[in-house]
Amino acid sequence: MKIKKIGVIGAGQMGSGIAHVCALAGFEVGLNDITRERIEAGLTTVSNNINRQVKSGKVSEEAKNAALARITPIDSFAGFGDHDLVIESATENEEVKKKIFENLCPHVKADAILGTNTSSISITRLAAVTDRPERFIGVHFMNPVPVMELVELIRGIATGDETFRAVKEFAVSLGKTTAVSEDFPAFIVNRILLPMINEAIYTLYEGVAGVEAIDTAMRLGAHHPMGPLQLADFIGLDTCLSIMQVLHDGLSDSKYRPCPLLVKYVEAGWLGRKSKRGFYDYRGEKPVPTR
């Protein structure tokens with residue numbers, strides 16, 4: 001099983017990043033989203049990010065142009081008929097993802113592999129709505145995809161050995177290092193990372209310290225490259241909440257209960273960088289703590 005042509009469903013932060021690294025690695029890429037405007041926005045993001053790599057000397061102008069030429073907008077799932085691997089990278093919502101796979105399956109070839117970039121949801125449950133659970137796998141890229149070296153590979157209960165080997169070879173060909181996780185809620189990285197972020201939010205909620213003090217303490221006291229509240233804003237507070245809900249529901253342990261302050265921020269639409277307000281306000285020249 002040789003993967004040559006990649007489909008990506010979702011042209012947001014993660015999907016555009018996946019398209020970016022695949023195209024630079026020489027793969028033909030089809031990029032889809034619910035509107036052409038979103039696809040074009042994703043293509044602009046890819047172009048801007050590769051331009052930064054060109055300016056830093058990491059990518060040549062020729063490689064940039066060749067990579068951008070390899071990405072094709074796909075307006076409907078019918079356009080994925082000749083793709084070898086189609087990776088879903090939609091919002092972190094199980095029902096949305098299931099609907100995507102139900103609608104996608106009739107349009108892809110019989111031997112195509114389906115992957116999901118979910119950061120927390122059961123691979124086995126998602127695979128069960130498809131016509132090919134043995135050709136279904138979790139392919140969890142880290143954010144930002146062009147920078148982060150890791151890809152988590154998660155096998156569902158039915159994922160075949162050939163599928164696993166082919167997708168691992170694909171991930172390594174992108175220059176990534178793989179870590180294999182069992183199909184438990186949030187896998188490896190987010191099983192450890194999100195409870196830490198949630199605890200940082202509890203620390204703020206309970207008045208132990210303010211936003212800047214918490215982030216400074218973890219940056220300088222634990223040598224984290226960015227504070228946990230700054231990181232939550234970067235990830236997206238809605239995504240953080242979704243992952244904590246998956247952990248809480250899937251493991252039935254109160255230690256995973258989402259902090260009420262996180263819930264409140266999401267209800268207010270304060271989702272972090274993407275909405276210009278979260279634990280920091282990004283509407284001015286530099287971020288300002290909101291608490």
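**A tour from Ser122 to the cores**

Start by selecting Ser122: this residue is buried, at a relative accessible area of 13% (buried is under 20%, exposed over 50%, partly exposed in between, with a 1.4 Å probe and protein chains only). Before you click on, note that this is a predicted model, where local features need pLDDT of at least 70, side-chain atom pairs count only at pLDDT 80 or more, and totals for chains, interfaces and linings use all residues. Residues are numbered from 1 along each chain as its sequence is written, and side-chain values use heavy atoms, leaving out hydrogens and water.

Ser122 sits in the loop between strand E5 (113-116) and helix H5 (123-127); helices (H or I, at least four residues) and strands (E, at least two) are DSSP runs, numbered from the N terminus.

**Into the core**

Next, pick Ile3, Ile6, Cys22, Ile71, Phe141 and Phe170, the residues with the most contacts inside the largest nonpolar core, which has 35 residues. Such a core is a set of buried Ala, Val, Leu, Ile, Met, Phe, Trp, Tyr and Cys residues joined through side-chain atoms within 4.5 Å. Colour by element and you'll find that strand E1 (5-9), H1, strand E2 (28-32), H2, strand E4 (85-88), E6, strand E7 (150-155) and helix H6 (161-173) each give two or more residues to this core. H1 has the largest share of this core, with six residues.

Which residues does Phe170 touch, leaving aside those up to four places away in sequence? Show Ile3, Ile6, Cys22, Phe27, Leu85, Ile87 and Phe141 around Phe170; contact here means heavy atoms within 4.5 Å. Apart from this core lies another, of 26 residues; Ile214, Leu247, Tyr256 and Tyr282 are among them. As a rule, nonpolar side chains in soluble globular proteins tend to be buried together.

**Last stop: who lines the pockets**

For the lining of the largest pocket, select H7 (189-205), which gives the most, with five residues. The lining of the largest pocket splits into 22 nonpolar, 16 polar and six charged residues (Ala, Val, Leu, Ile, Met, Phe, Trp, Tyr, Cys and Pro count as nonpolar, Asp, Glu, Lys and Arg as charged, and the others, Gly among them, as polar).
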